[in-house]
Amino acid sequence: MPNIKIFSGSSHQDLSQKIADRLGLELGKVVTKKFSNQEICVEIGESVRGEDVYIVQSGCGKINDNIMELLIMINACKIASASRVTAVIPCFPYARQDKKDKSRAPITAKLVANTLLVAGINHIITMDLHAPQIQGFFDIPADNLYAEPAVLKWIRENIPEWRNCTIVSPDAGGAKRVTSIADRLNVDFALIHKERKKANEVDRMVLVGDVKDRVAILVDDMADTCGTICHAADKLLSAGATKVYAILTHGIFSGPAISRINNACFEAVVVTNTIPQEDKMKHCSKIQVIDISMILAEAIRRTHNGESVSYLFNHVPE
């Protein structure tokens, strides 16, 4: 593929390497370091003049440092005369702060979008945004890819009883997501209504739907401290589910998440590799990973060739 360069930020170099390997390319040379006062310095180690540049940086780990590193890399490529700079952000940072839900609350996802635009970005590729309206925060093309085709493939290949399952949303906001998956599998869906006293704490849960004598598959876009999905799993078992799986696009797993999963009744907690999971898998045998590098690689190839990425909404590339 001529006139294309792929650079990796420091957040998820393993995913960046897999994307480059699938495209038959080598990762571009970049050196990131910090001065003693913690300022970030980025040096692009090769020419990008006239090139179509893709920078892979996920919103995980030291999120604020990684955002700043991405902004600096975008600006460095832009002022070095790159023809186009695309940010590949598998997990978009601050996506949960997408609306003003109380007085004086910031819309931080919009702020992140604005900073990316000021840095000089031309195009965004991301996956399973927490709220689809975040696409509208950008005045440039923003492709929101879906993990759904890969999730469907995993369910059919790894859950023998998938024809007798119920797809469950752990909250009302995910109803559209679970109904889409349930329709494509031709199975029933259910949802759980949750009431929160405060952030990251669930007060009460009500199941709407039937899971008795069925496999229950919880599906959500992300899990952070895992309080919601673990409470939901208990609720589903008490409602008569035979087994409970959880499938999540972004496994953040901060704070007590790993211990909660270990103590919960899940057969498996399945996540994609938009966020590195190697360390967490060492401490939790229930975590399994779906590789989505082929989806991102195909999106990059199609974008570079001027083709539509809508094919990826329903298909998993080989």
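Reader: How many of the six residues of strand β5 (residues 84-89) are buried?
Author: This is a predicted model, in which local features need pLDDT of at least 70 and side-chain atom pairs count only at pLDDT 80 or more, while totals for chains, interfaces and linings use all residues. Residues are numbered from 1 along each chain as its sequence is written, and side-chain values use heavy atoms, leaving out hydrogens and water. Strands (E, at least two residues) and helices (H or I, at least four) are DSSP runs numbered from the N terminus, and buried means under 20% relative accessible area, exposed over 50% and partly exposed in between, with a 1.4 Å probe and protein chains only. Strand β5 is largely enclosed by the rest of the structure, because the number of its residues that are buried is five.

Reader: What distance separates the end C-alpha atoms of helix α3 (residues 108-119)?
Author: The expected span is 1.5 Å times one less than the number of residues, so the 12 residues of α3 should span 16 Å. The distance in the model agrees with this, as it is 17 Å.

Reader: Which residues of α3 are exposed on the side away from its buried ones?
Author: The buried residues of α3 include Val112 and Leu116. They cover an arc, taken from the directions from the helix axis to the C-beta atoms, of only 150°, which puts them on the same side of α3. Exposed on the other side are Leu111 and Val118.
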